[in-house]
Amino acid sequence: MSLSSTLRFSSFLRRNVSQLQFLSSPPSRSFHHLVNDGSSGGRDGQILSKIYPHIVVYDSMVRMAQSQSFLDCRRFSTTILSPDPSRGAFPSDLLSSTTVLTPERTIGLYQDLVIPVTNFHNEDKGCIILTGDVFDVPIRKDIIHRVVRWQLAKRQQGTHSTKTISEVSGTGRKPWPQKGTGRARHGTLRGPQFRGGATMHGPKPRSHAIKCNKKVRRLGLKIALTARAAEGKLLVFDDMEVPTHKTKNIVNYVNQMENSKKLLLVDGGPINEKLKLATQNLHYVNVLPSIGLNVYSILLHDTLVMSRDAVNKIVERMHTPINR
């Protein structure tokens, strides 16, 4: 390559340098700077261009390639850090035990569920199959609303009572004559307009219960169980046996659970005396027999713990034909 060709190529680079984005060059004077100096009359650039014309052109082309590759890599750069395989396994203390990605499951397909069985000591006790027609039914909020209204209305005592004019204590004599006093006419001092008198149209003892069909009530319980199972808040224990009646055992177990504020323990038969004593001072832990399991109690507690016996009795109750 002749000196004139080299100088023309250097002039081309200088004219188009605004369109090329070069890396910041080091302070030392390179062949690229000397070529620019040589084209503008620099003595060093002229000498080096005459002696090393091919090296000067090569240096300029390498700088262009490096600049372009840097821009391409920077466009697709990222800050993701990955462990080096040569350094061994990732430290286990930095890994979370919470499952980040869980397989999606469509709720309400009446599919049987298989969940593990444990106890208060977190021991593996096998698995249990939850029937799909009880623990995997379609979620319906309207049914839950109807059942909860029925429960709250039915549990009202309805013992409110007020006295009518015939029930108020006092004389029935006419307070003053009908005419001649200039006052308003009255026949008794126990009327609703007097202090200590009767209450008109006041409440009387009655039942606040509303009608809710048995099929709807049964469906509401199935929906509540399905919701807890779908959320992963349904735990099954082999039994509800606790070693002692100390409250600290239940407290330690609840503290080990993640995202659990209120716990509902359901046993198949009568409640164990040790379990009853261990939980009676905890406002966030309640115990019920399987016969008393209801929709409102399930909704009040974010975690439901059932024994094997309780699950079997609930399924048997749901499969029992409704008496007409």
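Okay, let's start with a question: are F120 and Y253 buried or exposed? Both of them are buried, where buried means under 20% relative accessible area, exposed means over 50%, and partly exposed is in between, using a 1.4 Å probe and protein chains only.

Quick note before we go on. This is a predicted model, where local features need pLDDT of at least 70, side-chain atom pairs count only at pLDDT 80 or more, and totals for chains, interfaces and linings use all residues. Residues are numbered from 1 along each chain as its sequence is written, and side-chain values use heavy atoms, with hydrogens and water left out.

So, the rings. Searching the whole structure turns up three aromatic pairs. Rings of Phe, Tyr and Trp (its six-membered ring) pair if their centres lie within 6.5 Å; planes under 30 degrees apart are stacked, over 60 edge-to-face, and the rest tilted.

Take F120 and F237: they're edge-to-face, 5.0 Å centre to centre, with 80° between the planes. F120 is in the loop between β1 (113-118) and β2 (127-130), while F237 is in strand β3 (residues 234-237), 117 residues apart. Helices (H or I, at least four residues) and strands (E, at least two) are DSSP runs, numbered from the N terminus. F120 counts as buried because its relative accessibility is 11%, and F237 is buried at 0%.

Now F120 with Y253: the centres are 5.4 Å apart and the planes at 80°, so that's edge-to-face. Y253 sits in helix α8 (residues 247-256), so this pair ties together parts 133 residues apart in sequence. Put together, F120, F237 and Y253 form one aromatic cluster.
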